[in-house]
Amino acid sequence: MTLEAVDVHVRAGEHPAVRGVSAVFPTGQFTAVIGPNGAGKSTLLRALLGLSPVQAGEIRVGGQPLVTLNRTARARDLAFLAQSEVLPDQTRVRDVVALGRGAGEWRWGLIPTRPWTPEDEAAVTDALTRTDTRQFEHRRVAELSGGERQRVALARALVAGPRFLLLDEPTNHLDLAYALDVIRHLRCEVAGGLGVIAVLHDLNLAARADRVVLLHQGQVLACGTPDTVLTPAHLHAAYGVRIRVLRDADRLLVIPED
Ligand SMILES: Nc1ncnc2c1ncn2[C@@H]1O[C@H](COP(=O)(O)OP(=O)(O)OP(=O)(O)O)[C@@H](O)[C@H]1O
């Protein structure tokens, strides 16, 4: 299954932020979206989620135009994790993750769409286990570190079983160990079939993706495997700085020279 942008144009305010972007994001793959500040990465992500109206072109999920899917179908297929998710400080971790099921009781302060079931309970336990957050499921969010919170936000995003998870700079406020930890968890989900589309600023993290889409001035400058996209020529064209790309065993290392 794929999430697809077909010749997509999106305005941010009056600004043509995305100009004719075509890209295919398959399930079971980790795609990094990179590019300098203002390249249109967040705008593209919002369009893929159906949060920003598309002026021309089309977003398709599994071949179907996104605009034809209702809210429930969109929520079933697509999940979003923002840079720093706002989680309710005084709520216990297990209940925060349960919120992502869209079911439950009035006690969570949201209007439930259906009653809570044993399947919901099992899905919450599974999401907690997969994100290594079960160990503190009874703690309140306020008692967690930034990295732990981000894993809880990840569990909440995954608990409904989306086909695609879109993330906007998920590692931005995290130290190196936590950033690698988030990438490791995402990779496990991708191995299980999830399609991950992550806006990343750290090119060395992007080098760990299966595919990279490099945006520049609202357009795709390069798209493909890290090997083919993360080249000195592409990176100079996009970022305007000289960058060395080295290979260490099976990994690319991206080093700015200026
Ligand atoms: N509401 C708005 N009104 C006018 N211009 C906007 C608005 N939102 C974004 N833009 C412009 O659209 C362009 C793309 O913005 P976008 O946030 O998608 O870029 P980005 O690649 O995610 O950047 P960053 O890496 O800095 O987050 C930028 O030039 C930005 O200034």
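Biologist: What makes α1 largely enclosed by the rest of the structure?

Modeller: This is a predicted model, so each label comes from computed values. Six of the eight residues of α1 are buried, so the helix is largely enclosed by the rest of the structure. A residue is called buried if 20 or more other C-beta atoms lie within 10 Å of its own. Lys41, Thr43, Leu44, Leu45, Ala47 and Leu48 are the buried residues of α1.

Biologist: Which residue just after α1 takes a positive phi?

Modeller: Gly50, with a phi of about 80°.

Biologist: Which residues surround the ligand?

Modeller: The shell consists of Ala12, Gly13, His15, Ala17, Gly35, Asn37, Gly38, Ala39, Gly40, Lys41, Ser42 and Thr43.

Biologist: How do you know that the span of α4 agrees with its number of residues?

Modeller: Helix α4 covers residues 118-130, which is 13 residues. At 1.5 Å a residue they should span 18 Å. The end C-alpha atoms are 18 Å apart, so the two values agree.

Biologist: Which residues of α4 are buried?

Modeller: Ala123, Val124, Ala127 and Leu128. They cover an arc of only 135° around the axis, which puts them on the same side of α4.

Biologist: What does the face turned away from the buried side of α4 carry?

Modeller: That face carries the exposed residues Pro118, Glu119 and Ala122.

Biologist: What do the buried residues of α4 pack against?

Modeller: Against α3 (93-99) and α5 (146-158). After α4 comes Asp132, whose phi is positive, near 55°.

Biologist: Which residues is Ala157 in contact with, leaving aside its neighbours within four places in sequence?

Modeller: Ala79, Phe80, Leu81, Gly100 and Leu165. For contact, the C-beta atoms must lie within 7 Å. Leu81 is 76 residues from Ala157 in sequence, yet 6.6 Å away in space, C-alpha to C-alpha.

Biologist: Leu81 leads on to the strands. How many bridges pair β6 and β7?

Modeller: Four bridges, in the parallel sense, with β6 covering residues 78-81. Two strands pair if there are at least two bridges between them, so β6 and β7 qualify. The bridge partner of Leu81 in β7 is Leu167.

Biologist: What makes β7 mostly covered?

Modeller: Five of its five residues are buried. Phe164, Leu166 and Asp168 point one way from β7, while Leu165 and Leu167 point the other way.

Biologist: How do you know that both faces of β8 are covered?

Modeller: Gly195, Ile197 and Val199 are buried on one side. Val196 and Ala198 are buried on the other.

Biologist: Which strands does β8 pair with?

Modeller: β7 (residues 164-168) pairs with β8 in the parallel sense over five bridges. Leu166 stands opposite Ile197 there. Strand β3 (residues 30-34) is joined to β8 by four bridges, also parallel. On that side, Val33 has Val199 as its bridge partner.

Biologist: Which strands form the open sheet?

Modeller: Four strands, in the order β2-β1-β4-β5, with antiparallel pairing. The edge strands are β2 and β5 (64-65), since each pairs on one side only.

Biologist: How do you know that β4 and β5 pair?

Modeller: Two bridges join β4 (residues 56-61) to β5. The rule asks for at least two, so the pair qualifies. The two strands run antiparallel. Val61 stands opposite Gln64 in β5.

Technical notes: Residues numbered from 1 in each chain as written. Predicted model: local features only at pLDDT ≥ 70, side-chain atom pairs only at ≥ 80, totals over all residues. Expected span 1.5 Å × (residues − 1). Buried ≥ 20, exposed ≤ 12 C-beta atoms within 10 Å, placed from the backbone. Arc of directions from axis to C-beta. Contact = placed C-beta atoms within 7 Å. Near = placed C-beta within 6 Å.
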